[in-house]
Amino acid sequence: MIVCVCNNISDREIRQAIELGLSSMAELRRDLGVATCCGKCHSCAKEVLGEHLDRLQETVLARPVLTT
Ligand code: FES
């Protein structure tokens with residue numbers, strides 16, 4: 001799904017950027033250009049950001065702790 005129509009940025013691209021280390025709207029704006037034109041995508045992009053960060057955190061927390 002295209003999140004930012006002005007810059008043709010999809011939710012998939014946002015999630016990939018998050019997996020590469022971006023973790024804020026400022027970073028998404030700087031690196032992808034999300035919400036840098038009309039700004040109508042800001043709330044949707046923020047929602048994708050929050051949901052994916054939560055999902056990644058849950059994945060990390062669900063991993064078993066290895067002890068040696
Ligand atoms: S839709 Fe993203 S800046 Fe316009």
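## About the model

The model is predicted, so local features need pLDDT of at least 70 and side-chain atom pairs count only at pLDDT 80 or more, while totals for chains, interfaces and linings use all residues. Residues are numbered from 1 along each chain as its sequence is written.

## Overall fold

Let us start with the whole chain. The protein chain has 3 helices and 2 strands, and along the sequence these follow the pattern β-β-α-α-α. Helices (H or I, at least four residues) and strands (E, at least two) are DSSP runs, numbered from the N terminus.

The radius of gyration of the protein chain is 14 Å, whereas a compact globule of 68 residues would have a value near 11 Å. This radius is taken over C-alpha atoms, and the globule rule is 2.2 Å times the number of residues to the power 0.38. Along its principal axes, the C-alpha trace spans about 50 × 20 × 15 Å.

Of the 68 residues, 19% count as buried. A residue is buried if 20 or more other C-beta atoms lie within 10 Å of its own, exposed if 12 or fewer, and partly exposed in between, with C-beta atoms placed from the backbone. Among contacts with a separation of 6 or more, 48% come from residues 24 or more positions apart; two residues are in contact if their C-beta atoms, placed from the backbone, lie within 7 Å.

## Helix H1 against H3

The axes of helix H1 (residues 11-19) and H3 come within 10 Å and cross at roughly 45°, which makes H1 oblique to H3. Axes are lines fitted to C-alpha atoms, for helices over the stretch in contact, and angles run from 0 to 180 degrees between N-to-C directions. Angles under 35 degrees count as roughly parallel, over 145 as roughly antiparallel, 65 to 115 as roughly perpendicular and the rest as oblique. The crossing of H1 and H3 is right-handed, meaning that the near helix is turned clockwise from the far one by less than a right angle.

On the H1 side, the contact is made by Asp11, Ile14, Arg15 and Ile18, and on the H3 side by Ala45, Val48, Leu49, His52 and Leu53. By class, this contact has 6 nonpolar, 1 polar and 2 charged residues. Here Ala, Val, Leu, Ile, Met, Phe, Trp, Tyr, Cys and Pro count as nonpolar, Asp, Glu, Lys and Arg as charged, and the others, Gly among them, as polar.

Arg15, in helix H1, touches Val48 and His52, not counting residues up to four places away in sequence. Arg15 counts as partly exposed because it has 17 C-beta neighbours inside 10 Å.

## Helix H1 against H2

The axes of H1 and H2 come within 11 Å and cross at roughly 110°, so the two helices are roughly perpendicular to each other. Glu13, Ile14 and Ala17 in H1 meet Leu28, Asp31 and Leu32 in H2. By class, the contact of H1 with H2 has 4 nonpolar, no polar and 2 charged residues.

## Two positive phi values

Most residues other than glycine have a negative phi. Asn8, in the loop between strand E1 (2-4) and strand E2 (9-10), has a positive phi near 55°. Asn8 is exposed, with 10 other C-beta atoms within 10 Å.

Ala35 also has a positive phi, near 60°, and its place is in the loop between helix H2 (25-32) and helix H3 (42-62). Ala35 counts as buried, with 22 C-beta neighbours inside 10 Å.
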